[in-house]
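Please open the model in a viewer and keep the selection tool at hand.

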Amino acid sequence: MVTLASVSYAYPGGQPIRFPDWQAEKGSHWLVTGPSGSGKTTLLYLLSGLLTPNTGEVEVEGARLSQLSERQRDAYRARSVGYMLQRPALLPALTVHQNLNLAWRMAQKAGKPELGYADVGLGDFGGRFPHQLSVGQAQRVALLRAVQHKPTLLLADEPTSALDAVNATAAITLLLQTVRQTGTTLVVASHDARLHDYFEHEIALQP
Ligand code: ADP
Ligand code: MG
C-alpha cells in the first residue's frame, strides 16, 4: 500500500506543487498525467524518497519516508523501488550482465533473480555492451534491471516518449505483464495520451 496525504513540495524559490491525496493498493497500476511542469517527475522523486515533502507524508508499506534516516532511505530505494527513465540509462562501460548484476547487488538480495531475459522477451544479450543494443532492446534491459529484485514500487518516467507508436504499445504491454508477475505497484508518469487505455487508475495533476 502506498499513501500520499496532504503532500506538497516547493523547489527553492518556486511555488509549492500540491499533490492529490492518494491510496494505491499493492499490485495496482497507475498512470500519472498532467501537462509538462505539473509535477509528474517530482511525484516520482517523492515516492522514491529522493525528495522529502514540505508538508504531508508519503507512506510505503507502513514506512513514513520522511521519518527514515538518509541511509535507510537509500536502502529503501535500492531494495523496494525500481526506476525506469525516459532513456534506458545503462552504464555504458559495463555489459548488460554487469549492469543487471550491479543493480541486483545494490538491492542486497541473496541468491539469484527469478526473472531473466526470457521474461522481457530478450535473447541472451548478457555479453553485449549498451551501445550494441537497439533502443527497444536497451529498454527491455532497463525494465529487467528495474524489476528483477521484485520491488514494491516500480516508477517509470515517460517510458514511451522516445518510442514510436508500435514500440510504445509493445513496451507498455510488456511493462504491465511483467509487473503483474511480480505483484509490484506500478506508477507511470506520462503526457502520452496513447497510454490512457492501458491503465485502470489515473492521477491527473493540475497545471
Ligand atoms: P513534469 O514532470 O510534470 O514536467 P516536474 O516535476 O519536472 O514536472 O516539474 C514541476 C515544476 O517544478 C516545474 O515548474 C519545474 O520547472 C519545477 N522544477 C523541476 N525541477 C526543478 C529543480 N531542480 N529546481 C527548480 N525547479 C524545478
Ligand atoms: Mg517529467
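**Conventions.** The model is predicted, with local features requiring pLDDT of at least 70 and side-chain atom pairs counting only at pLDDT 80 or more, while totals for chains, interfaces and linings use all residues. Residues are numbered from 1 along each chain as its sequence is written, chains are lettered from A and ligands numbered from 1 in the order in which they are written, and side-chain values use heavy atoms, with hydrogens and water left out.

**Stop 1: the whole chain.** Five helices and ten strands are present; helices (H or I, at least four residues) and strands (E, at least two) are DSSP runs numbered from the N terminus. The C-alpha trace spans about 45 × 40 × 30 Å along its principal axes. The radius of gyration is 17 Å, which agrees with the value near 17 Å for a compact globule of 207 residues; it is taken over C-alpha atoms, and the globule rule is 2.2 Å times the number of residues to the power 0.38.

Now switch to a surface. The chain exposes about 10,400 Å², of which carbon and sulfur atoms supply 51%; such areas come from the Shrake-Rupley method with a 1.4 Å probe, and for residues only the protein chains shown count as cover. Of the 207 residues, 46% count as buried. Buried means under 20% relative accessible area, exposed over 50%, and partly exposed in between (1.4 Å probe, protein chains only). Among contacts (heavy atoms within 4.5 Å) between residues at least 6 apart in sequence, 73% join residues at least 24 apart.

**Stop 2: ligand 1.** Which residues are around ligand 1? Select Y11, I17, P35, S36, G37, S38, G39, K40, T41 and T42, where the criterion is a heavy atom within 4 Å. Helix α1 (residues 40-47) gives the largest share of this shell, three residues. By class, the shell holds three nonpolar residues, six polar and one charged. Ala, Val, Leu, Ile, Met, Phe, Trp, Tyr, Cys and Pro count as nonpolar, Asp, Glu, Lys and Arg as charged, and the others, Gly among them, as polar.

Next, display distances from the ligand oxygen atoms. One oxygen lies 2.7 Å from a polar backbone atom of G37, and an oxygen is 3.1 Å from a polar backbone atom of G39. At T42, an N or O atom in the side chain is 2.5 Å from a ligand oxygen. Taken alone, ligand 1 exposes 560 Å², and the protein buries 54% of that.

**Stop 3: S28.** Select S28, in the loop between β3 (22-24) and β4 (29-33). Is S28 buried or exposed? S28 is buried, at a relative accessible area of 11%. A polar atom of the S28 side chain lies 2.6 Å from the backbone oxygen of E25. The S28 side chain also makes a polar contact with the side chain of W30 (2.9 Å). A polar contact is a pair of N or O atoms within 3.5 Å; within protein, one must be able to donate a hydrogen and the other to accept it, and residues adjacent in sequence count only if both atoms are side-chain atoms. Leaving aside residues up to four places away in sequence, S28 touches T184, T185, L186 and H201.

Stop 4: Most residues other than glycine have a negative phi. Select E61, where phi is near 50°, a positive value. E61 belongs to the loop between β5 (55-60) and β6 (63-64) and is partly exposed, at 48% relative accessible area. Finally, select K150, whose phi is likewise positive, near 50°. K150 sits in the loop between α4 (135-147) and β8 (153-157) and is partly exposed, at 35% relative accessible area.
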